[in-house]
Amino acid sequence: MPTTKTLREGSARKRAAILQAARELFLADGFDRSSVDAIAARAEVSKRTVYDYFGDKHTLLQAVVDAIGQSMITTIRQTLDDTLSELTDAGELEDALVEFSMRIATDMLGSAEYATLQRLVRTESGHLPHRGYNSMADTPDEAVAERFAAFADAGLLDVPDARLAADQFIALTFGVALDRLGSANAAEDPRVRPLVVEGVRTFLRAYRIR
């Protein structure tokens, strides 16, 4: 008789297979032309299973977008841990913040996952909960804010409002690149790095401990 753990693992595999199949078909054929029958066949599950897990095709599209968004959030948090977790010297901040920004601009903004997310949100916006639906919401900004608050506690930055500082940091780095170049993908555009470096320096001029 299957154990509870085996059933959970089987359910997780089926759910992942359905999401992957839906993602591939939504990208290849579009939402309207991707049938639940085709998604079930590609995932090697029954049509009933698709409905049991996701209810309807619109919910399935949202789940695909949300899953990609969660993957992006995982990348951001891992990059924060890799680049900004063990700083003890304010003199290291500029290099560390540039490294963090460039890692995000290549590992995330230059990734196939990010391109897929952008494409689905752009082309299938009419089938998502609202126009401009953002599966990541404020999570990346909040993750950066948490790190800036830790820097303030450690005496590395003067940050009265960590969330405002995070919003300004993102605007000065990725925001400037997006506004100026239409993309912050450093993997494809060498012009991103100089903008990121200057954005980091501008941020530090405002928030460095005097």
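Which residues does Ser 101 touch, not counting residues up to four places away in sequence? The legends below take up this question first and then turn to other close-up views of the predicted model.

Figure 1. With residues up to four places away in sequence left out, Ser 101 touches Phe 169, Thr 173, Phe 174, Val 196 and Val 200. The relative accessible area of Ser 101 is 0%, so the residue is classed as buried.

**Figure 2. The ring pair of Phe 169 and Phe 203.** Phe 169, one of the residues touched by Ser 101, also forms a ring pair with Phe 203. The two ring centres are 5.2 Å apart and the planes stand at 80°; because planes over 60 degrees apart count as edge-to-face, the pair receives that description. Phe 169 is buried, at a relative accessible area of 1%. Phe 203 is likewise buried, at 1% relative accessibility.

**Figure 3. A cluster of aromatic rings.** Ring pairs join Phe 169 and Phe 203 with Phe 100, Phe 148, Phe 151 and Tyr 207 into a cluster. The model contains eight aromatic pairs.

**Figure 4. The ring pair of Tyr 53 and Phe 54.** The ring centres of Tyr 53 and Phe 54 lie 6.4 Å apart, and the planes meet at 35°. Planes under 30 degrees apart would count as stacked and planes over 60 as edge-to-face, so this pair is tilted. Tyr 53 is partly exposed, with 28% relative accessibility, whereas Phe 54 is buried, with a relative accessible area of 7%.

**Figure 5. A lysine over the ring of Phe 31.** Lys 57 lies over the face of Phe 31. The distance from the ring centre is 4.4 Å.

**Figure 6. Crossing of helices α2 and α3.** Helix α2 comprises residues 36–43 and helix α3 residues 47–54. Their axes come within 8 Å and cross at roughly 100°. Angles of 65 to 115 degrees count as roughly perpendicular, which means that α2 is placed in that class relative to α3. In the contact, Val 36, Asp 37 and Ala 40 of α2 meet Lys 47, Val 50 and Tyr 51 of α3. By class, the residues of this contact are four nonpolar and two charged, with no polar residue.

**Figure 7. Glu 44 in the loop between α2 and α3.** Glu 44 is found in the loop that joins these two helices. Its phi is near 60°, a positive value in a residue other than glycine. The relative accessible area of Glu 44 is 73%; the residue is therefore exposed.

**Figure 8. Leu 128 and its contacts.** Leu 128 lies in the loop between α6 (112–123) and α7 (139–153). Although in a loop, Leu 128 is buried, with a relative accessible area of 7%. Apart from neighbours within four places in sequence, Leu 128 is in contact with Leu 61, Gln 62, Val 65, Leu 120, Val 121 and Tyr 133. The C-alpha atoms of Leu 128 and His 58 are 6.9 Å apart in space, while the two residues are 70 residues apart in sequence.

Key:
Residues are numbered from 1 along each chain as its sequence is written. This is a predicted model: local features need pLDDT of at least 70, side-chain atom pairs count only at pLDDT 80 or more; totals for chains, interfaces and linings use all residues. Side-chain values use heavy atoms; hydrogens and water are left out. Rings of Phe, Tyr and Trp (its six-membered ring) pair if their centres lie within 6.5 Å; planes under 30 degrees apart count as stacked, over 60 as edge-to-face and the rest as tilted. Buried means under 20% relative accessible area, exposed over 50%, partly exposed in between (1.4 Å probe, protein chains only). A charge sits over a ring if NZ of Lys or CZ of Arg is within 6 Å of the ring centre and within 35 degrees of the ring normal. Axes are lines fitted to C-alpha atoms, for helices over the stretch in contact, and angles run from 0 to 180 degrees between N-to-C directions. Helices (H or I, at least four residues) and strands (E, at least two) are DSSP runs, numbered from the N terminus. Angles under 35 degrees count as roughly parallel, over 145 as roughly antiparallel, 65 to 115 as roughly perpendicular and the rest as oblique. Contact means heavy atoms within 4.5 Å. Ala, Val, Leu, Ile, Met, Phe, Trp, Tyr, Cys and Pro count as nonpolar, Asp, Glu, Lys and Arg as charged, and the others, Gly among them, as polar.
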